[in-house]
Amino acid sequence: MPLFVGGEFLLICGLGLLVAGLTTYIITWALVVVHLRDHHAATYARISGFLFAPYAYGWYLGARYRALHDRDLNALAVPGSIGAWAILIGGSVALFSKYIV
């Protein structure tokens with residue numbers, strides 16, 4: 001029985017982390033895309049502006065925004081990068097919790 005309760009706890013924590021990361025990612029994405037459109041057109045064209053495009057998500061995970069050396073963009077993109085990692089970690093924890101039982 002204690003393992004089952006631990007699995008449920010991990011599931012709830014993982015889903016909470018996933019939802020928090022998703023919220024952060026979505027909110028900051030809109031701000032980052034507008035900043036890229038206005039200041040870094042080449043990067044904006046590469047990312048294509050779609051929220052969950054694999055390149056765009058990898059751009060956040062790899063913190064590739066730092067290569068542009070734009071302090072304002074860094075301030076906008078760091079929370080989104082943390083959110084992107086929270087989505088991955090939360091989803092992984094939630095999936096892992098299903099196999100503990």
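Trp85 sits in helix H4, where helices (H or I, at least four residues) and strands (E, at least two) are DSSP runs numbered from the N terminus. The model is a predicted one, so local features need pLDDT of at least 70 and side-chain atom pairs count only at pLDDT 80 or more, while totals for chains, interfaces and linings use all residues. Residues are numbered from 1 along each chain as its sequence is written, and side-chain values use heavy atoms, with hydrogens and water left out.

Trp85 is partly exposed, at a relative accessible area of 42%; buried means under 20%, exposed over 50%, and partly exposed in between (1.4 Å probe, protein chains only). Together with Leu17, Leu88 and Ile89, Trp85 makes a nonpolar surface patch of about 350 Å². Helix H4 (residues 71-98) gives the largest share of this patch, three residues.

As for the overall fold, the protein has four helices and zero strands, in the order α-α-α-α along the sequence. Its radius of gyration, taken over C-alpha atoms, is 16 Å, well over the 13 Å that the globule rule gives for 101 residues, so the protein is more spread out than a compact globule. That rule is 2.2 Å times the number of residues to the power 0.38. The C-alpha trace spans about 55 × 20 × 20 Å along its principal axes. Of the 101 residues, 34% are buried. Taking contacts (heavy atoms within 4.5 Å) between residues at least 6 apart in sequence, 68% join residues at least 24 apart.

Now for the rings. A search of the whole structure turns up eight aromatic pairs. Rings of Phe, Tyr and Trp (its six-membered ring) pair if their centres lie within 6.5 Å; planes under 30 degrees apart count as stacked, over 60 as edge-to-face and the rest as tilted. One of the pairs is Tyr25 with Tyr57, edge-to-face because the centres are 5.4 Å apart and the planes at 75°. This pair links distant parts of the chain, with Tyr25 in helix H1 (residues 2-39) and Tyr57 in helix H3 (residues 54-61), 32 residues apart. Tyr25 is buried at 0% relative accessibility, and Tyr57 is buried at 14%.

Tyr25 also pairs with Tyr60: centres 5.1 Å apart and planes at 65°, so edge-to-face. Here too distant parts of the chain are linked, Tyr25 in helix H1 and Tyr60 in helix H3, 35 residues apart. Tyr60 is buried, with a relative accessible area of 0%. Ring pairs join Tyr25, Trp29, Phe52, Tyr57, Trp59, Tyr60 and Tyr65 into a cluster.

Notes:
Patch = residues over 30% accessible without salt bridge, like charges linked within 9 Å, V, L, I, M, F, W, Y side chains within 5 Å. Areas by Shrake-Rupley, 256 points an atom, 1.4 Å probe, with all protein chains shown as cover. Salt bridge = Lys/Arg side-chain N within 4 Å of Asp/Glu carboxyl O.
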